[in-house]
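Hi everyone, thanks for coming.

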Amino acid sequence: MSKSPVIIALDWDAFYCSVSSSIPHVYCGCHTNTNTNRAAQVEEHFNPELKKIAFAVKQKGIICTCNYVARARGVKKLQMLVDAVKQFPDLVIVNGEDLSRYRDASKELWYFTRDMVWGGKVERLGFDELFLDVTEMIDYNIALLDSSHASGESRCQVDSAPFFFRMSKEDESVGFSCPLSSVAGNVATGCLPEDFGGDNLRLVLGSHVCHYIRSQILDIKGYTSSGGVSINKTLAKMAGATHKPNQQTVLFPEFAQDFLDSFDIGRIPWIGHRSKSIILDAIYKGSADVNDTTKEERDSTVFTVRHLANKHLFVHSLGQSSGEKLWDLLHGIDPSGVQPTSDIPTQISIEDTFKSLTSLIEVHNVLSRLSHSLLERVQVDLMDLNGDWLGHPRTMRLTTRTRSSGYGTRISRSDSLPSIVFSSSHSRDYIVDYLVDKCWMPLFSKLIGDVKTFDIVLLNVAVVNIEKAPAKSSDITAFFGKKKHNHNDQLQDVHIEKPEHKKAKVVGEYVRPGFSDGLTEEEEEDVISDDDSSDEVCVVCGQRMMSFALEAHMRFHDFGE
C-alpha cells in the first residue's frame, strides 16, 4: 500500500505590507511623510514601536492590502484610496507598484526554508507562498520510530515519550523533540482521527515539522507565517488559510471532503471566476427554477456542485483535461506534487499597463523606465554575492498590446541580447539609453508596422533563454564565446517569437502551464510570465500580479480607468 505524501503550505503573514518599508512615495493622508516609511514587519525587527503604526499598500488607486493594525481599526482591502484616506486621515499609505523589495525578501525566505527541506523540495507560488514536500524526512524518522519498536519497547512507551525528530541525516543533534500523541497547531474541522497510525501519524509528524520550520523563520528571519499540512498541495493550502495569522492547521484525509464541502468552489485554488461561472451556468441551465434564480442566488458550495454535477458535465463544459482536474479538486484529489523552484529563472520580465500611449516619446520614456527595472532585476536575480554570474540570458523580447487588438492579444518580437547589458565599464544610464535607442525602439517599430497612429495599453520588456553560467563566470565574453552578441549600431534580424512554453489559460485565476480552461484556441492568450513575481493574470487587461492584488486590480477596472 502506497503512502501519501506529506505537504506543507507556508504563507507569509501580511507579506505585502511586511516588506514594503523601503519603497519610496510613502505618505500619510495627503501629505508626504518620509519619517514613517519603516512601518512594516521587516523593520519592526529593529524598531518594535513601529508595530503600532497602521498602514496600507496601494496599487492603481486601490487599497490592495493593509497590515493587521490597520485592519483592526477598520481599514479594508479593496477600498478606494481616496475613501480610505478620508476615513482614516492618519493612515500611512505605501506605493506598491515597485515589486523589487518584495521580490528580494521573498527570495531570501525561500532560500532559508529550502535549506531545511531535504532535497530542496520547495516550490514558490508568487511572492508569499511556498509548498514543501517533507515526505522523505517523515519516512526517515518513522523508520527510526519503527526501529525503536523493534528494539523491544512497546508502542505505548514510544508514543508516550517525546520523540526526537531528526532534521539531518548526518548530524544527529539537529532536530527537535515532539510528542506523537498530539498535533502541533489547529485541526481542520476540529476533529481528530481515532487512530494516529499510518498516514495520520505522518501528518502528526508533519505538523511538528511545520511548527519547527515556522519557528526558525520567525526566530532567525523575523517573519511570521501561517501553515497548512495535508497530503497534497490543494488541501494543505486551504487548511493553512483557515487559521491566520501566525498559526497552522492540519487536515487529515478522512475529514477532507467534509472540510471542502463548506467552501464556495471559487475558494478552491486553481478555480477562478471564469471557470466558476462556466460550471454554474452548466449546472443551473437545466434547473427547473433557472428563471427564478439569479446568479447571485445560485448555491455554489462544493457540496452542492458535487451533487448537482458530475465529471461528464465538467469535461463537457471545460474540456477533458481541465474538467477532470477541477472535478478531482472538488474531491480533494491533487496529484500535481511539489515542483522545486530552480535557482535560475527561465525568464525575467517587467511590464506595465496604461490608459493610453499614443506617441513615440511616451513609449520611449516608458521603455527607459522599464529597462532600468529590468537591468536591476537581471543583476539581482542572476548574480551571486561575489559578483559572479549564475546564468546569462541569450535573448531580449519586447511585447505589447494595442487597444484595438483586444484584451486577449499580445504581440512580441525578440532579438539577440547585446553583451553591453553585462558591461562593468558603462554606467546603468548609458546601457539603458543604448537598449532603448538601439534595441527596444527598433523592435517597437517592427511591432506596430507602418501605422502612423497607435494606442498602446501594455508594454513588457524581458530577457529570456537564460542558461546556467559556468562556474566562476564573471567574464561575460567567455560565456558568449564566438556567438554574435555585439553592441554596435547594427541589430541582428528581428524575428517573431515562438512560444517557449506550453500555453496556459488566463482567466483571472492561478495559471499553470498546460492547464487549459477548455475554451477555444482562438480565445487563448500567449502568456508572458514574470517568473517569480506573480501568479495571476487580469482577465481584462492581461497584467500579471500576485494573487492577493488581483481583486484590487479588478475593482480598479470596475471603477473605470
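**Charges, rings and helices**

Let's begin with Lys169, which is partly exposed because its relative accessible area is 38%. For these labels, buried means under 20% relative accessible area, exposed means over 50%, and partly exposed lies in between, with a 1.4 Å probe and protein chains only. Before going on, a word on the source: this is a predicted model, where local features need pLDDT of at least 70 and side-chain atom pairs count only at pLDDT 80 or more, while totals for chains, interfaces and linings use all residues. Residues are numbered from 1 along each chain as its sequence is written, and side-chain values use heavy atoms, with hydrogens and water left out.

Which residue does Lys169 form a salt bridge with? The partner is Glu136, and the closest N and O atoms are 3.2 Å apart. A salt bridge here is a side-chain nitrogen of Lys or Arg within 4 Å of a carboxyl oxygen of Asp or Glu. This pair links distant parts of the chain, 33 residues apart: Lys169 is in the loop between β9 (163-166) and β10 (175-178), and Glu136 is in helix α6 (residues 135-150). Helices (H or I, at least four residues) and strands (E, at least two) are DSSP runs, numbered from the N terminus. Glu136 counts as partly exposed too, at 32% relative accessibility.

Asp139 and Arg202 meet through their side chains at 2.5 Å, N to O. That joins helix α6 to helix α8, across 63 residues.

Staying with helix α8, residues 198-221, we can check its length. The expected span is 1.5 Å times one less than the number of residues. With 24 residues, α8 should therefore span 34 Å, and its end C-alpha atoms are 34 Å apart, which agrees. After α8 comes Gly222, with a positive phi near 85°.

Next, helix α9, residues 233-240. Eight of its eight residues are buried, so α9 is largely enclosed by the rest of the structure. Those buried residues include Lys233 and Lys237.

On to the rings. How many aromatic pairs does a search of the whole structure find? The search gives nine. Rings of Phe, Tyr and Trp (its six-membered ring) pair if their centres lie within 6.5 Å; planes under 30 degrees apart count as stacked, over 60 as edge-to-face and the rest as tilted. Phe314 and Trp327 make an edge-to-face pair, 5.1 Å centre to centre with 70° between the planes. Both Phe314 and Trp327 are buried. Trp389 and Phe422 are edge-to-face as well, at 4.8 Å and 80°. Trp389 lies in strand β15 (residues 389-402) and Phe422 in the loop between β16 (411-416) and α16 (428-448), so this pair ties together parts that are 33 residues apart in sequence. Trp389 counts as buried at 9% relative accessibility, and Phe422 at 8%.
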